[in-house]
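Colleague: I'm new to this one. Could you walk me through how to read it?

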Amino acid sequence: MYDNEYISVTVDGQEYTRVYNLYDMSENGLEYFVSVGYDNEFDVIFGNGIYGKQLNENQIVIISY
């Protein structure tokens, strides 16, 4: 089981800030959203360039707990 309040996300060494709603993401902001599903599985969702910064191929994403 995971407590998603303690997740830390970095992309290419830059720490991203968690938001609690997809629409809280600012344009090209270094932010992510966590969606928790059944069995306490979670998805980390990044932006699309309009809501949050869009990731590019070959970027290194580190999710730590």
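Modeller: Let's go from strands to core to surface.

Modeller: First, some ground rules: this is a predicted model, where local features need pLDDT of at least 70, side-chain atom pairs count only at pLDDT 80 or more, and totals for chains, interfaces and linings use all residues. Residues are numbered from 1 along each chain as its sequence is written, and side-chain values use heavy atoms, with hydrogens and water left out.

Colleague: Fine. In what order do the 3 strands of the open sheet come?

Modeller: Strands here are DSSP runs (E, at least two residues), numbered from the N terminus, and two of them pair if DSSP finds at least two bridges between them. In this model the order is β2-β1-β6, with antiparallel pairing. β2 (14-15) and β6 (61-64) each have a single partner strand, so one side of each lacks a neighbour in the sheet. Strand β1 (residues 8-11) meets β2 over 2 bridges, and Val11 sits opposite Gln14 there.

Colleague: Which residues make up the largest nonpolar core?

Modeller: A nonpolar core is a set of buried Ala, Val, Leu, Ile, Met, Phe, Trp, Tyr and Cys residues joined through side-chain atoms within 4.5 Å. Buried means under 20% relative accessible area, exposed over 50%, partly exposed in between (1.4 Å probe, protein chains only). Here the core has 7 residues: Ile7, Val9, Val11, Tyr16, Tyr32, Val34 and Phe46. β1 and β4 (31-36) are the elements giving two or more residues to it. Take Ile7: beyond neighbours within four places in sequence, its contacts (heavy atoms within 4.5 Å) include Tyr32, Phe42 and Ile63.

Colleague: Is Ile50 buried or exposed?

Modeller: Ile50 lies in the loop between β5 and β6 and is exposed, with a relative accessible area of 58%.

Colleague: What about Gly29, buried or exposed?

Modeller: Gly29 belongs to the loop between β3 and β4, yet is buried, at 9% relative accessible area. Leaving aside neighbours within four places in sequence, Gly29 is in contact with Gly52 and Lys53.

How values were computed: Helices (H or I, at least four residues) and strands (E, at least two) are DSSP runs, numbered from the N terminus.
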